[in-house]
Amino acid sequence: MTDLQTAPDFTLPSTLGHDITLSDLQGGNVVLFFYPRDNTKGCTTENIDFSALTEAFAETNTKLFGISKDSMASHEKFIDKKELKAPLLSDEHGDACEKYDVWKEKKMYGKTFMGIERATFLINAQGDIVKSWRKVKVAGHAEEVLEAARTL
């Protein structure tokens, strides 16, 4: 009996210079962290925190990928400006955001708009989501995800 959910597959362009297809990564663990926008305070902090732990994640056979709807050009500038190590995937059309149910109605300063809900998914080597974090608070989050990855 299992209550694991198979991670929805996708293919997205990456800052690695080639497309990433999630199902091609089976055999290793994957962390997908969805964030609203490049070069904003919380998103920058989250990306820096995950980048600082890329080697620790690699030791757990876990690949990290940040995903937003920003363009590849925006992602590349963001990585260069902040010296990020975690690859970024561009979901400009929102396909992965829809599949992972992170495209949500949000409210800020009395205005309602659609945007990405900060969320993280830990996927095991068999392609199953073993843990998910919704409405993520950035402080300490990358470390919490790393601890979960260490249990796989």
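The questions and answers below cover a helix, some strands, a surface patch and salt bridges in a predicted model.

Me: What kind of model is this, and how are residues numbered?
Reply: This is a predicted model in which local features need pLDDT of at least 70 and side-chain atom pairs count only at pLDDT 80 or more, while totals for chains, interfaces and linings use all residues. Side-chain values use heavy atoms, without hydrogens and water, and residues are numbered from 1 along each chain as its sequence is written.

Me: Which residues of helix H3 are buried?
Reply: Helices (H or I, at least four residues) and strands (E, at least two) are DSSP runs, numbered from the N terminus. Buried means under 20% relative accessible area, exposed over 50% and partly exposed in between (1.4 Å probe, protein chains only). In H3, residues 72–82, the buried ones are Met72, His75, Phe78 and Ile79.

Me: Why do the buried residues of H3 line one face of the helix?
Reply: An α-helix has 3.6 residues a turn, so residues three or four places apart point the same way. The arc is taken from the directions from the helix axis to the C-beta atoms. Seen down the axis of H3, the buried residues line one face because they fall within an arc of 120°.

Me: Which strands and helix do the buried residues of H3 pack against?
Reply: Contact means heavy atoms within 4.5 Å. The face turned away from the buried side carries exposed Lys77, Asp80 and Lys81. The buried residues of H3 pack against strand S2 (11–13), helix H1 (41–52), strand S5 (62–68) and strand S6 (88–90).

Me: Which residue in the turn of the S9 and S10 hairpin has a positive phi?
Reply: The hairpin has 4 residues between S9 and S10. With a phi of about 90°, the residue in the turn is glycine 127.

Me: What is the bridge partner of threonine 6 in S10?
Reply: S1 and strand S10 (residues 128–133) run antiparallel and are joined by 2 bridges. In S10, the partner of threonine 6 is aspartate 128.

Me: Which residues make the nonpolar surface patch of about 220 Å²?
Reply: Patches take residues with over 30% relative accessible area and no salt bridge, joining like charges within 9 Å and nonpolar side chains (Val, Leu, Ile, Met, Phe, Trp, Tyr) within 5 Å. Accessible areas come from the Shrake-Rupley method with a 1.4 Å probe; for residues, only the protein chains shown count as cover. Leucine 4, in the segment before strand S1 (5–6), counts as partly exposed at 36% relative accessibility. The patch is made by Leu4, Val130 and Leu152.

Me: How far apart in sequence are the parts tied together by glutamate 46 and arginine 118?
Reply: A salt bridge is a side-chain nitrogen of Lys or Arg within 4 Å of a carboxyl oxygen of Asp or Glu. Glutamate 46 forms one with arginine 118, the closest N and O atoms being 2.7 Å apart. Glutamate 46 lies in helix H1 and arginine 118 in the loop between strand S8 (111–116) and S9, so the parts tied together are apart by 72 residues.

Me: Is glutamate 46 buried or exposed?
Reply: Its relative accessibility is 1%. Glutamate 46 therefore counts as buried.

How values were computed: Pairing = 2+ DSSP bridges.
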